[in-house]
Amino acid sequence: MVPVLIGTTLLIYLAVFALPGDPIRTLGGDKPMPPAVYQALRHHYHLDEPLIVQYGQYLWGLLHGDFGETLNGQPVSDVMKTDWAVTARLAVTAWIFELVVGIGLGVWAGRRKGGVVDTLVLSGTTLVIAIPVFVLAYSAQLLFGLKLGWFPTAGTDDGWPYSYLLPGIVLGSASLAYIARLTRTSLVENFRADYVRTAVAKGLSRRRVLVRHTLRNSLVPVITYLGVDLGSLMAGTIVIEGIFNLPGIGGQIFTAIQIKDGPTVVGIATLLVLVYLFANLVVDILYGVLDPRIRYE
Amino acid sequence: MSESTEVAATAQTGAVVSGASASLWSDAWRELYRRVTFWVAVVILLFMGLLATVPSLFTSLGPNGRCDVRQAKLRPASWNPFGGGPHPFGTDTHGCDYWAQMVHGTRAPIIVGFLVTGIALALAIGLGSLSGYYGRLLDTVLSRITDIFFGLPLLLGAVVILTAFPSHGVLTESFVLGLLWWPTMTRLMRGQVLSIRDADYVQAARMLGARDTRIMVRHILPNAVAPVFVYAMLNVGVVIGYEATLDYLGVGLQYPTVSWGLQLSQAQEIFTDYPYLLIYPAVFLTATVLSFLLLGDAVRDALDPKLR
């Protein structure tokens with residue numbers, strides 16, 4: 001876990017600081033900056049030291065909970081604190097949606113392979129995967145927001161969950177399709193296993209065979225996917241927040257990349273990677289709950 | 001040498017056998033032949049391939065050709081594109097014929113889709129084979145590197161790195177996406193190689209004195225590569241969708257290039273009043289991505305007898 005965190009942040013750090021252009025000169029606007037001020041600012045942001053030393057200092061600060069300072073002089077953690085909640089709510093809405101509806105659709109389709117429901121779910125999910133997420137977002141906004149008026153089209157005025165429903169559904173739709181297909185395939189494979197035949201032969205009800213015997217075993221790959229997906233949902237907010245005008249860190253990081261505000265980009269990216277790693281840790285623990293054969297000594 | 005060893009090797013790997021025998025691939029082909037979705041996907045992809053390679057068959061205009069700002073945002077005369085008129089698909093915000101732009105917009109996304117998948121596939125086969133076959137330290141190091149790239153959200157990484165690049169051509173975009181795309185495929189390849197490494201026929205080959213490279217290339221690779229190939233095929237479509245998203249965000253391809261993603265990006269501000277600007281390229285894009293997905297699905301089902 002720790003090597004992954006260090007490696008990934010280093011990767012982003014290198015990429016961001018390889019961005020062309022001088023952020024300090026940009027700060028001065030059109031007027032040339034006095035050399036003394038320029039030097040002082042460069043020193044303040046440690047830009048006069050080798051990249052690897054800068055990175056070391058950054059990591060050291062991170063260990064103490066210090067995310068650094070944006071180029072406007074604001075602590076990065078303050079910037080994140082205000083916008084973090086919006087993105088977290090959005091991602092969690094999407095995540096719950098894909099978890100409940102995705103597994104539900106997968107089970108519904110997997111119960112009878114080759115049936116009408118199965119065919120419909122398979123073709124529907126393929127179509128959803130094929131449509132780019134921003135096209136889906138605009139279409140949903142136009143149809144359900146403007147034409148039908150079911151959901152607010154932009155902003156967070158209506159609070160959670162109402163304001164976050166439509167963006168969350170759009171954000172989670174592609175993953176939902178993957179989860180439904182994964183659940184379905186896994187379920188279909190497991191239905192052929194010997195222990196299922198045994199359970200049926202014992203005279204257990206259809207429902208109990210499905211829920212307690214087959215589903216529990218089929219969910220292992222789905223849980224893995226759900227864990228990995230929380231990270232990509234966070235990154236997906238870059239697109240969604242812009243379209244639905246939500247003031248979250250996805251929009252924040254996109255602006256920061258464009259104005260070359262390195263500390264903000266690395267700070268937010270680090271946070272996203274932390275979320276991803278934490279979700280994976282939870283998944284690892286859940287494995288043991290789902291499958292008692294997996295034990296952590 | 002030659003003939004008898006060649007036959008023996010062929011019999012061992014079972015890779016080059018063709019004809020009426022029940023090999024994996026001929027079985028798969030027979031299965032595919034009967035699938036309607038397979039043929040639909042193939043026809044759509046052939047059409048898109050034709051658009052990409054010989055656009056002059058479908059339009060007499062060049063890319064961004066004969067655009068007239070006074071003719072900007074002309075709505076199509078009717079929703080039936082065969083209804084005639086000078087611009088059956090309307091014109092875009094710069095007054096370019098929308099049909100011509102869509103025809104020329106086919107090439108870039110398809111090239112990016114194949115290049116990215118090709119780069120990722122090459123890296124995955126190489127690194128996955130090495131790390132699965134040799135194991136130990138090499139495997140540990142390569143797997144940790146894979147983990148690091150896996151921890152980086154793809155969209156975020158692509159946006160950061162693409163912003164850093166001074167040029168935004170098809171090659172740059174493919175290179176950057178390819179560098180970020182390999183971890184999933186590498187893990188898949190490594191798992192495949194691991195499961196085959198200790199098979200009896202591999203042991204037999206080793207005992208006959210085959211070198212590591214020969215075992216990897218002639219014995220393990222042909223038996224390990226099928227699922228990775230299928231994944232790659234599905235993947236081309238996913239890459240094309242990503243390419244469009246990056247174009248839309250403004251960090252992908254740039255103006256003189258014509259692509260569906262850029263057309264969609266142009267349409268975003270005004271699509272409520274001019275929905276056709278969004279719908280037409282989106283339909284082309286979705287049809288292409290969908291065809292790759294259906295093709296991959298069909299091939300996977302055909303190759304995997306467990307799912308039948």
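Predicted model: local features only at pLDDT ≥ 70, side-chain atom pairs only at ≥ 80, totals over all residues.
Chain A is helical, with 12 helices and zero strands. Its C-alpha atoms occupy a box of roughly 85 × 55 × 30 Å along the principal axes. The domain assignment divides the chain into domain 1, spanning residues 2-63, and domain 2, spanning residues 83-258. The centres of these two domains of chain A, taken over C-alpha atoms, are 38 Å apart. Of the 297 residues in chain A, 47% count as buried. Among contacts in chain A between residues at least 6 apart in sequence, 72% join residues at least 24 apart.

In soluble globular proteins, nonpolar side chains tend to be buried together. In the present model, the largest nonpolar core comprises 130 residues, and the members that touch the most others are A:Phe134, A:Ile243, A:Phe244, B:Leu177, B:Ile220, B:Leu246 and B:Leu249. Helix α10 of chain B (residues 212-249) makes the greatest contribution to this core, giving 17 residues. Because domain 1 (2-63) and domain 2 (83-258) of chain A both give residues to this core, it lies between them. With neighbours within four places in sequence left aside, B:Leu177 is in contact with B:Val112, B:Val116, B:Ala158, B:Val239 and B:Leu246. A second, separate core has 13 residues, among them A:Ile103, A:Val107, A:Leu219 and A:Leu226.

The two chains also share an interface, in which 44 residues of chain A are in contact with 37 residues of chain B. The size of an interface is often given as the accessible area lost when the parts come together. Between chain A and chain B the buried area is about 3400 Å², and carbon and sulfur atoms give 79% of this area. On the side of chain A, the residues that lose the most area to chain B are A:Ala130, A:Phe134 and A:Tyr138, which together account for 17% of what that side buries. A:Phe134 is also one of the residues that touch the most other members of the largest nonpolar core.

Polar interactions across the interface were examined as well. One salt bridge is found between chain A and chain B; the side chains of A:Arg181 and B:Asp297 meet in a salt bridge with an N to O distance of 2.5 Å. Four residue pairs across the interface are in polar contact, with both residues at pLDDT 80 or more. The elements of chain A that give two or more residues to the side touching chain B include α1 (2-17), α6 (116-130), α7 (133-147) and α8 (162-191). The largest share of that side, eight residues, comes from α1(A).

Key
Residues numbered from 1 in each chain as written. Chains lettered and ligands numbered in written order. Heavy atoms only, no water. Domains from an automatic or database assignment. Core = buried A, V, L, I, M, F, W, Y, C linked by side-chain atoms within 4.5 Å. Buried < 20%, exposed > 50% of the residue type's maximum accessible area, 1.4 Å probe, protein only. Helix = DSSP H or I, 4+ residues; strand = E, 2+ residues; numbered from the N terminus. Contact = heavy atoms within 4.5 Å. Buried area = accessible area lost by both parts, 1.4 Å probe. Salt bridge = Lys/Arg side-chain N within 4 Å of Asp/Glu carboxyl O. Polar contact = N/O pair within 3.5 Å; in protein donor to acceptor, adjacent residues only side chain to side chain.
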